[in-house]
Amino acid sequence: MTIKTNLIAIILSSLLLLVGCQNKPVEKAQFYIFGTLTDITLSGVEKSRAQTLFSEIQQDLQKMHNNWHPWEPGLLVDVNRAFTAGSCAPFDEPLKILIEGSQQMERQTAGKFNAGIGGLIELWGFHTSEYPIQSAPPAMEAINALVNQRPSALSVFFEANSVCSSNPATQLDFGGIAKGYAVDLIVEKLQATGVDAAIVNAGGDLRAYSRVEQQFWRIAVRHPQQGLIGLIEVGQDEAVFTSGNYQRYVEHEDQRYAHILNPLTGWPVADLASVTVLSGNGMQADAAATALMVAGLEGWYELAQQLGLDAVLVVDESGKLYMTKAMQSRLLLYEDDAKSEKKENTDNDSVWDIEIVE
């Protein structure tokens with residue numbers, strides 16, 4: 001499953017509490033799911049109860065992994081085989097929600113997010129856990145032939161107890177949205193069981209919340225090449241997701257091809273190194289970060305506005321930072337990562353090359 005790992009969430013002082021709240025217990029667990037480390041941190045939960053929750057969450061995450069993996073045997077592989085054969089396959093409710101969420105994002109982004117291009121992702125060799133890929137990129141003719149078949153999650157429909165596709169070229173791959181939905185499901189479970197504050201961090205993509213007034217988490221945002229950018233404070237309930245082009249790629253004859261593909265062309269994105277999005281839920285943040293990467297330097301801001309995203313941070317291939325005014329107000333910059341010195345975020349006198357977009 002595609003992993004997007006640029007934003008690394010660290011809890012600098014666990015949960016920062018006001019007077020009278022400092023003694024709440026903090027319990028942590030870590031699992032290896034979706035090809036990445038997933039960290040769960042709970043505040044205000046006794047150890048025995050936390051252990052029970054961690055055990056349940058691990059089982060939930062493993063089931064998601066098995067059902068949504070695009071190339072290991074499981075529910076999604078069975079569905080894609082049925083599409084290729086022109087037939088239908090059984091589905092469960094979480095898969096239906098993933099499909100419907102993917103369809104909604106495809107419509108809203110005019111195809112810049114498209115969970116139906118699993119065939120293109122496989123053609124490029126990205127259905128693997130071994131990186132970098134050293135083989136040559138696929139032939140232009142093969143890419144164009146598949147793009148011209150217009151694979152799309154919008155071709156998928158539900159019929160009685162089965163899921164079908166009107167286009168046999170459609171192959172679902174939820175690498176750009178599955179972690180967001182998984183994080184949402186775990187957070188909803190924790191909230192339903194009365195946990196007051198938690199972070200669910202899947203390989204740096206996370207959702208954090210606190211029901212306690214004036215409690216908040218501090219999340220670290222890292223630059224693809226230059227260390228720590230700064231900190232974002234997350235209080236009530238927010239997801240922080242990043243899409244990056246620098247960890248999973250094809251490398252051939254001194255040329256690097258990122259794993260994030262433009263569904264409209266079949267070719268990897270090129271001019272952005274990463275996009276970080278703040279949103280009210282993980283599914284939207286996950287898919288939106290991918291779509292903004294595809295929109296590129298010229299189109300990311302307009303698409304962010306269309307999606308209703310206020311707080312966005314973009315890093316281009318040269319390392320320059322672009323951010324919305326809302327993100328500027330949320331991000332406390334580190335001006336010297338090596339010395340770990342904090343300074344207030346201002347438009348001037350910064351070691352970072354920053355452009356505020358409005």
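Residues are numbered from 1 along each chain as its sequence is written, and side-chain values use heavy atoms, with hydrogens and water left out.

The protein chain has eight helices and 18 strands, where helices (H or I, at least four residues) and strands (E, at least two) are DSSP runs numbered from the N terminus. Of its 358 residues, 56% count as buried, a word that stands for under 20% relative accessible area, with exposed meaning over 50% and partly exposed lying in between (1.4 Å probe, protein chains only). Among contacts (heavy atoms within 4.5 Å) between residues at least 6 apart in sequence, 65% join residues at least 24 apart.

The average pLDDT, which is the predictor's confidence in each residue from 0 to 100, is 88 for the protein chain, and 89% of the residues score at least 70. Over residues 1–21, however, the pLDDT is below 50, although this stretch has 84 contacts in the model beyond near neighbours in sequence. Residues 337–348 also stay under 50, and for them the model has 25 contacts beyond four places in sequence. Where pLDDT is low, the predicted coordinates should not be read in detail.

The pair from the opening belongs to an open sheet of three strands, in the order β3-β5-β4 and with antiparallel pairing. Because β3 (89–90) and β4 (156–159) stand at the edges with a single partner strand each, one side of each is left without a neighbour in the sheet. Strand β5 (residues 162–165) pairs with β3 over two bridges, and two strands are said to pair if DSSP finds at least two bridges between them.

Another group of strands involves β10 (residues 237–244), which is mostly covered, with seven of its eight residues buried. Strand β7 (residues 205–210) pairs with β10 in the antiparallel sense over four bridges, and R207 has A239 in β10 as its bridge partner. β10 also pairs with β13, again in the antiparallel sense, over six bridges, and here S243 stands opposite V275.

Strand β13 (residues 272–279) also holds S279, which counts as buried at 8% relative accessibility. Leaving aside neighbours within four places in sequence, S279 is in contact with E238, A239, Q284, A285 and L309. With Q284 there is a polar contact between side chains at 2.4 Å; such a contact is a pair of N or O atoms within 3.5 Å, of which, within protein, one must be able to donate a hydrogen and the other to accept it, and residues adjacent in sequence count only if both atoms are side-chain atoms.

The last element to follow is helix α7 (residues 282–306), which spans only 18 Å between its end C-alpha atoms, whereas a straight helix of 25 residues would span 36 Å at 1.5 Å a residue. The helix has a kink of about 135 degrees centred on G296. N281 caps the N-terminal end of α7, with a side-chain oxygen 3.2 Å from the backbone nitrogen of M283, and just after the helix G308 takes a positive phi of about 75 degrees. Since 18 of its 25 residues are buried, α7 is largely enclosed by the rest of the structure.

Conventions:
Predicted model: local features only at pLDDT ≥ 70, side-chain atom pairs only at ≥ 80, totals over all residues. Expected span 1.5 Å × (residues − 1). Bend = angle between axes of the 7 residues up to and from the residue.
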